[in-house]
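Trainee: I would like to know how the descriptions of a model follow from its numbers. Can we go through it step by step?

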Amino acid sequence: MPTSSLGPEAVDPEALGSGALDSGALDPEVLRVAVFRRFAARGAAGSPAELAALTGQPEPAVRAGLRELAAQRHLVLDADDRIVMAHPFSAVPLGFSVMGRATLWWGGCAWDSFAVPHLLPDEPEVLVATRCPACGRPHAWSVSRREPPPGTQVAHFPVPVARMWDDVVHTCGGQRLFCSPDCVAAWLTARKQQPGYVMDLAALWRLAAGWYAGRLDYGYTRRDPATAAAYFRQAGLEGAFWGL
Ligand SMILES: [Zn+2]
Ligand SMILES: [Zn+2]
């Protein structure tokens with residue numbers, strides 16, 4: 001079971017902890033944690049000005065720091081240094097809402113939306129809602145960290161893992177949940193698109209469960225391709241799509 005403790009910051013989820021504001025230069029890790037804790041606490045991304053206030057740093061340094069974090073694929077920025085995505089959170093609608101006890105997020109994609117209760121200690125169960133891209137039928141699940149939600153819907157991922165970051169917002173936008181394999185097939189036919197990878201809700205839940213563990217804490221490192229492949233394998237995924 002992945003855990004990510006905010007510890008004493010549970011009262012103030014945006015708090016950065018002692019030492020965060022002490023040093024002269026902006027520590028990229030302090031900025032990264034500020035981005036994710038702000039997004040987790042409010043459901044919205046902090047602007048460069050807001051992140052400057054949170055970290056006690058000048059806005060130009062924050063903007064430079066955000067661009068560095070984007071280069072390292074910790075987040076996605078637009079041309080004005082505004083945060084578009086900080087996975088699993090999104091500042092733009094991509095087909096999913098994730099409702100917590102007092103916070104509402106755009107889930108980046110099926111994978112990201114199912115990851116939220118695993119990442120946030122104070123949100124053990126969230127309501128994930130979407131529409132089938134093929135037929136428009138609404139779907140909603142109570143997603144907890146205990147077990148996969150029941151349901152016969154399937155997720156379809158169009159872009160193989162090796163190319164997911166070529167255009168990650170486009171990739172997330174395509175990772176959707178459908179009524180059934182028939183709806184996936186109809187959607188692909190209508191778009192003249194080749195099939196990607198189809199998985200049931202249990203597989204999606206296993207994929208999401210530990211993927212973002214530690215992202216709200218200091219010292220987080222992104223997985224390299226080898227550890228990512230090991231993670232996908234233990235989640236029960238298979239094939240070249242996942243680099244396996
Ligand atoms: Zn995503
Ligand atoms: Zn459908």
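Trainee: How do you know that the radius of gyration of the chain agrees with a compact globule?
Mentor: This is a predicted model. A compact globule with 244 residues would have a radius of gyration near 18 Å, and the chain has 18 Å, so the two agree. Along its principal axes, the C-alpha trace spans about 55 × 35 × 35 Å.

Trainee: How much confidence does the predictor give the chain, and where is the pLDDT below 50?
Mentor: The average pLDDT is 92, on a scale from 0 to 100, and 93% of the residues score at least 70. Over residues 1–10 the pLDDT is below 50. That stretch still has 18 contacts in the model beyond near neighbours in sequence.

Trainee: Why is Gly108 called buried?
Mentor: A residue counts as buried if 20 or more other C-beta atoms lie within 10 Å of its own. Gly108 has 30 within that distance, so Gly108 is buried. Of the 244 residues of the chain, 39% count as buried.

Trainee: Where is Gly108, and what does Gly108 touch?
Mentor: Gly108 sits in the loop between strand S5 (104–107) and helix H4 (110–119). Leaving out residues up to four places away in sequence, Gly108 touches Met85, His87, Pro88, Phe89, Ser90, Leu94 and Cys172.

Trainee: What makes H4 mostly covered?
Mentor: The count for H4 is 10 buried residues of 10. Among them are Trp111, Asp112, Phe114 and His118.

Trainee: How do you know that S5 pairs with S3 and with S4?
Mentor: Two strands pair if there are at least two bridges between them. Strand S3 (residues 89–90) has 2 bridges to S5, and strand S4 (residues 96–99) has 4 bridges to S5. Both counts meet the cut-off, so both are pairs by that rule. The S3 pairing is antiparallel, and S4 and S5 run antiparallel as well. Phe89 stands opposite Gly107 in S5, while the bridge partner of Val98 in S5 is Trp105. A hairpin of 4 residues joins S4 to S5.

Trainee: Which domains does the assignment give, and what makes up the side of domain 1 that touches domain 2?
Mentor: The domain assignment gives domain 1 (13–86) and domain 2 (99–236). The contact takes 10 residues from domain 1 and 13 residues from domain 2. On the domain 1 side, helix H1 (28–42) and strand S2 (83–86) are the elements that give two or more residues. H1 gives the largest share, 5 residues. By type, that side has 6 nonpolar, 1 polar and 3 charged residues.

Methods. Residues are numbered from 1 along each chain as its sequence is written. Chains are lettered from A and ligands numbered from 1 in the order in which they are written. This is a predicted model: local features need pLDDT of at least 70, side-chain atom pairs count only at pLDDT 80 or more; totals for chains, interfaces and linings use all residues. Domain bounds come from an automatic or database domain assignment. Two residues are in contact if their C-beta atoms, placed from the backbone, lie within 7 Å. Ala, Val, Leu, Ile, Met, Phe, Trp, Tyr, Cys and Pro count as nonpolar, Asp, Glu, Lys and Arg as charged, and the others, Gly among them, as polar. The radius of gyration is taken over C-alpha atoms; the globule rule is 2.2 Å times the number of residues to the power 0.38. A residue is buried if 20 or more other C-beta atoms lie within 10 Å of its own, exposed if 12 or fewer, and partly exposed in between; C-beta atoms are placed from the backbone.
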